[in-house]
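Have the viewer open and follow along.

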Amino acid sequence: MYILLASGPEAGQACLLLLDAAGQPAAEPRVVARPDLSDAVSALERRNRPRWVWQRAQAWYPELLSAGVTVERCHDLSLCQAILAAAESTADTGYPREVPPAAEPFEPRGLVDPAQDSLFEASTGARGAGPEELLAEFRAQLQAIRASTRPARLQLLLAAESAGALVAAEMQHTGVPWRADLHEKLLVEALGPRPPGTQRPAKMEALAAQLREKLGVATVNPDSPQELLRALHRAGIEAKSARSWELQEIDHPAIEPLLAYKKLSRLFSANGWFWLDQWVRHGRFRPEYVVGGVVSGRWASRGGGALQIPKQVRAAVHADPGHKLIVADAAQLEPRVLAALAQDSKMAEAAQSSDLYAGIAAQGFGGDRAKAKVALLGAIYGATTGESGRLMPQLARTYPRAVGLVEEAARAGERGEVVSTFLGRSSPPPSAAWRTAQQTTSEQEQRWADNLARSRGRFTRNFVVQGSAAEWASCWLAELRRALRSRPELGAELVFFLHDEVMVHCPETHVAQVSTLIAEAAQSAKDLIYGRAPINFPVTLAVVDHYDEAK
DNA sequence: CAAGGTTGCGCG
DNA sequence: AAAGCGCGCAACCTTG
């Protein structure tokens, strides 16, 4: 059973419409005033356990969460539309291939009071279309799934994507436990006391002074690559760029303070006091997650750089008293996904080991784990030069199926074709400019066109692996969420998700039980997607007080 | 001066 | 050590 939730006929109203399994209305629409919505949803959720159909979870769910209401399942029309419109498997179903620009995300940014957030949406009509329009879209989607060449896989993908939308809103609501006091302590240790106004922290200023002295200049702004490069050249240092890893190679007394300055400068500007003021409130960091924000199906985030929390500040991510953080990581996810995709039994055999790279090393690289890792990652990313490129033939001999799969994906991309993940998320087609470039007859332009083609080949090569890994991770997350919902007495909160890693905050006493649920969810995800295929996805667990203890 | 592009660096 | 994929963000810098 479904319930469609849409904007009501007037501002400040919502419309609820009960649908049967075929998407047919099963009752008269019901209009409720906004303040009564959460009670209405809560009652219907208890009674019917429906799948909620809405334009975007992000437009409705935060408000429900603020009122203490959660839902088990949803169908996020926008997210599903984006997948279906691009999917190869729906190409012959008549489902529109274009996503209307109106479906672009709307955006409150930053730390917003939920109450104000709701007002903003109501006043701009960001909740989108009314019930008739959404119902038509929903039926078109059900039809597209039925008529697709892989209905079961597509259905699973859309369910996982929609579940992701629920998890994302819930995690944003819950927030990552963040100790501002620890963060500040760490900043003072690294940078010196918080400087007033726009001044540089003391330790950065001291390093800048050292740099000026060693370069023999009166003034230089190390934050300006141009200015810095000129000053280095004047001091006889032949740097090609201001990048740290290039400067590292240079032997000169100015380099050490410069690299130290850059490190501190990054901390100060990206995760300093200003960041703390802006993003952490009441002991939690509440970033906005953007499900489907990456073409491959990975999540992106908006504001606060949630997916790039540097190791340097992870000590501030700290469990509450009497609690632990369980940091779970899907070990070597992408290579395992590749083995499953390619049904490469030799590689799957290597993946029996909890350390896949060691298994690969034993089979084809004389036990040299580092070599095996570089070779495998090179295959997934499309390395052509360096050690990784040189190891490719060796890898291809040992694993013809796995290497063949990524090679074929690359060739397809170079030809301008679309490729798809296991569950059926398809890559975007090449742009008009790309196709035009491929038709050139000029010798000079041909080299540029070949470059573009190879570049797209690397993209499609990586897309099938990264995207299939992302859908596995979505299923893992969805299964874990379901398990934790069924055991509320454990008091476990899902607080963070990062591509192949989840973080759960829970009472110390329940760590063992929650850990089991995390590992079981990984097994369920594998079963859902790959059935009985002989491949496993082990999870590495770290039970810690603070995030920097993990890994 | 605002908008948009580039550089550099953080994460997987 | 940093080639090959995917991102977000701050600061600098150019352009209109």
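This is a predicted model: local features need pLDDT of at least 70, side-chain atom pairs count only at pLDDT 80 or more; totals for chains, interfaces and linings use all residues.

## Chain A as a whole

Zooming out, chain A has 21 helices and 14 strands. Along the principal axes, its C-alpha atoms fill a box of roughly 80 × 60 × 55 Å.

How does the radius of gyration of chain A sit against that of a compact globule? For 551 residues, the globule value would be near 24 Å, and chain A has 26 Å, which agrees. As for burial, 41% of the 551 residues of chain A count as buried. Then there are the contacts: among those in chain A with a separation of 6 or more, 64% are between residues 24 or more positions apart.

Now pick out strand β12, residues 493-497. Of its 5 residues, 4 are buried, so β12 is largely enclosed by the rest of the structure. "Buried" here takes 20 or more other C-beta atoms within 10 Å of a residue's own.

The partner of β12 is strand β13 (residues 501-507); the two run antiparallel and are joined by 4 bridges. For one pair to click on, take Leu494, whose bridge partner in β13 is Val504. Between the strands of this hairpin there are 3 residues, and His499 takes a positive phi near 65 degrees.

## A three-stranded open sheet

Another piece of strand pairing is an open sheet of 3 strands, in the order β6-β8-β7, with antiparallel pairing. Which strands are at the edges? Those are β6 (176-177) and β7 (280-281), each of which pairs on one side only.

Look next at how β6 meets strand β8, residues 284-285: the two pair in the antiparallel sense over 2 bridges. To find the spot in the viewer, select Val176, which stands opposite Phe285 in β8.

How values were computed. Residues are numbered from 1 along each chain as its sequence is written. Chains are lettered from A and ligands numbered from 1 in the order in which they are written. The radius of gyration is taken over C-alpha atoms; the globule rule is 2.2 Å times the number of residues to the power 0.38. A residue is buried if 20 or more other C-beta atoms lie within 10 Å of its own, exposed if 12 or fewer, and partly exposed in between; C-beta atoms are placed from the backbone. Two residues are in contact if their C-beta atoms, placed from the backbone, lie within 7 Å. Two strands pair if DSSP finds at least two bridges between them.
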